[in-house]
Amino acid sequence: RTDVAALMRAATVVLLPSDREGLPGVVLEALAVGTPVVATDLPGTRYIAEQLPGITLVPADADPGHWAAAVRAATPPPTATDRAAAWQRFTESVFSVDRAAAELLTVYSGRR
């Protein structure tokens, strides 16, 4: 879709209760526009949380009440200023297209 950023900005929170994920793009898309994320504590989501703020990790065996509390804590929706700051952080993070491409070139060139 070409309107993912608009959809993510329209969301109050993104909920990802997956029990298997690699590096979930939906989490990166949400954080890039400043939408908070509540996700299962998995290696990929934990790695993202170490790099960017805005993600609340919930244990995989948590009960529904724990999930509901995490969603309530992730609201109210971010302000325009919050979203602008989130975009700035994202563009400076390891997840930006420029940084990711440079890293891949380094790996493929054998300089790492």
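Accessible areas here come from the Shrake-Rupley method with a 1.4 Å probe.

Reader: How much accessible surface does the protein chain have, and what share belongs to carbon and sulfur atoms?
Author: This is a predicted model. The accessible surface of its protein chain comes to about 6900 Å². The part that belongs to carbon and sulfur atoms is 58%.

Reader: In what order do the elements of the protein chain run?
Author: The secondary structure comprises six helices and three strands. Read from the N terminus, the order is α-β-α-β-α-β-α-α-α.

Reader: Which strands stand at the edges of the sheet?
Author: The three strands form an open sheet with parallel pairing, in the order S1-S2-S3. Two of these strands have a single partner strand each, so one side of each is left without a neighbour in the sheet. They are S1 (14–16) and S3 (55–58).

Reader: What angle does the direction of helix H3 make with that of S3?
Author: Helix H2 (residues 25–32) packs on the sheet and touches S1, S2 and S3, with its direction at about 160° to that of S1. Helix H3 (residues 43–51) also packs on the sheet, touching S1, S2 and S3. The angle between the directions of H3 and S3 is about 145°.

Reader: How far apart lie the centres of the positive and negative side chains?
Author: The protein chain has 10 positive and 12 negative side chains. The distance between the centres of the two sets is 4 Å.

Notes
Residues numbered from 1 in each chain as written. Predicted model: local features only at pLDDT ≥ 70, side-chain atom pairs only at ≥ 80, totals over all residues. Heavy atoms only, no water. Helix = DSSP H or I, 4+ residues; strand = E, 2+ residues; numbered from the N terminus. Lys, Arg positive; Asp, Glu negative; His and termini not counted. Charge placed at Lys NZ, Arg CZ, Asp CG, Glu CD. Pairing = 2+ DSSP bridges. Contact = heavy atoms within 4.5 Å. Axes fitted to C-alpha atoms, helices over the stretch in contact; angles between N-to-C directions.
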